[in-house]
Number of protein chains: 2
Amino acid sequence: MNQTAIQDYYPDDYAHCHGCGRLNKTGTQLKSYWQGDCAIAHHKPNPAHTGGVPGFAYGGLIASLLDCHGTATAAAAAYAAENRSLDSAPFMRFVTGSLTVDYLKPTPLDTELEIKGTLVEIAGRKVTVVLTLSANGDVCAKGKMVAIRLQQ
Amino acid sequence: MNQTAIQDYYPDDYAHCHGCGRLNKTGTQLKSYWQGDCAIAHHKPNPAHTGGVPGFAYGGLIASLLDCHGTATAAAAAYAAENRSLDSAPFMRFVTGSLTVDYLKPTPLDTELEIKGTLVEIAGRKVTVVLTLSANGDVCAKGKMVAIRLQQ
């Protein structure tokens, strides 16, 4: 596994995201790692990020984790498709075009969550990925994202 | 316009959501108001909630706002369909089954955002709503949610 997070390759000008930017000091700083055929991130929720009923995550947290992990997966998959390392030029950064989240079951707050992203296809500047968010091996949410490569 | 927010009718046991619960002291406390045929909420973003590029909201914030506003819209529309006030029994509370967000353009952080939710249909325990998030009159994101009524 590459020990540098995908987000830590983002240039400073694109590294302020509240969800995953290393330069956002009060943010979540999600770290996603490319594993050759998928991207994996882990997150231990803040107990304050409860949903309506204490003990389970609010929907916005789940969407946020899938969103940041999805754009990171898209970036890593796009570099991999060109057989390029994440620090090679030209730089590629992705934003979300659309994100669908299916909430399958309540997501517990008291355990580490695993988010997995897998490439579906690359079509020009659009990269489609599918996502899962799991707790203790159970898939609690699924996602599908179309990410769009920013034009430099 | 009803001056009590939809979320402020949620019983205490369901009022802890980080996005919209009045009992979550560190949360966003989004307030959605039913206007007879749609629900409206306003939110002034925290500057820390930037996306990768400073000045614009991160995708997770937008998804969170649409998520909490969507379940509130579903609740208010379900009560309205039964010609009941939001404080009447039996209590109805909704969770998200699925949420799709289309990010149409960057959402500025330096202005108040307006979130609008409109009923599409009620089918048993499932309520479908469509959502928009606007800044300065421009629709920056669209959403579609299937919300599911909790069984008591």
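A crossing is called left-handed if the near helix is turned anticlockwise from the far one by less than a right angle, and right-handed if clockwise. Helices (H or I, at least four residues) and strands (E, at least two) are DSSP runs, numbered from the N terminus. In these terms α1(A) passes α1(B) in a right-handed crossing. This is a predicted model, in which local features need pLDDT of at least 70 and side-chain atom pairs count only at pLDDT 80 or more, while totals for chains, interfaces and linings use all residues. Residues are numbered from 1 along each chain as its sequence is written, and chains are lettered from A and ligands numbered from 1 in the order in which they are written.

Two packed helices are described by the angle between their axes and the distance between the axes. Here the axes of helix α1 (residues 59-81) of chain A and helix α1 (residues 59-81) of chain B cross at roughly 150 degrees and come within 8 Å, where axes are lines fitted to C-alpha atoms, for helices over the stretch in contact, and angles run from 0 to 180 degrees between N-to-C directions. α1(A) is therefore roughly antiparallel to α1(B), on a scale where angles under 35 degrees count as roughly parallel, over 145 as roughly antiparallel, 65 to 115 as roughly perpendicular and the rest as oblique. The residues of α1(A) that meet α1(B) include Gly59(A), Gly60(A) and Ala63(A), and among their counterparts in α1(B) are Ser64(B), Asp67(B) and Cys68(B).

The same surface serves both copies, since 100% of the contact residues of chain A recur in chain B.

Between the chains, 36 residues of chain A are in contact with 36 residues of chain B, contact being defined by C-beta atoms, placed from the backbone, that lie within 7 Å. On the side of chain A that touches chain B, the elements that give two or more residues are α1 and β3 (94-103) of chain A. The largest share of that side, eight residues, comes from β3(A).

## Buried positions

A residue is buried if 20 or more other C-beta atoms lie within 10 Å of its own, exposed if 12 or fewer, and partly exposed in between, with C-beta atoms placed from the backbone. A nonpolar core is a set of buried Ala, Val, Leu, Ile, Met, Phe, Trp, Tyr and Cys residues joined through C-beta atoms within 7 Å. The largest such core has 88 residues, of which Ile62(A), Leu66(A), Ile62(B) and Leu66(B) touch the most other members. Leaving aside neighbours within four places in sequence, the contacts of Leu66(B) include Leu99(B), Val101(B), Ile115(B) and Leu131(B).

Leu65(A) lies in helix α1 of chain A and counts as buried, because it has 29 C-beta neighbours inside 10 Å. Beyond four places in sequence, Leu65(A) is in contact with Leu30(A), His43(A), Leu113(A), Ile115(A) and Leu133(A). Leu30(A), in the segment before β1 (32-34) of chain A, is buried with 24 other C-beta atoms within 10 Å. Leu30(A) and Gly19(A) are 11 residues apart in sequence, and their C-alpha atoms are 6.2 Å apart in space. In chain B, Ser32(B) lies in strand β1 (residues 32-34) and counts as buried, with 26 C-beta neighbours inside 10 Å.

## Backbone exceptions

Most residues other than glycine have a negative phi, and most peptide bonds are trans. The peptide bond from Ala89(A) to Pro90(A) is cis, with omega near 0 degrees, and Pro90(A) is found in the loop between α1 and β3 of chain A. A cis peptide bond, with omega about 0 degrees, also joins Ala89(B) and Pro90(B).

Asn136(A), although not a glycine, has a positive phi near 55 degrees. Its place is in the loop between β5 (126-135) and β6 (138-149) of chain A, and Asn136(A) counts as exposed, with 11 C-beta neighbours inside 10 Å. Asn83(B) has a positive phi of about 50 degrees and is found in the loop between α1 and β3 of chain B; with 7 C-beta neighbours inside 10 Å, Asn83(B) counts as exposed.

Notes:
Contact = placed C-beta atoms within 7 Å.
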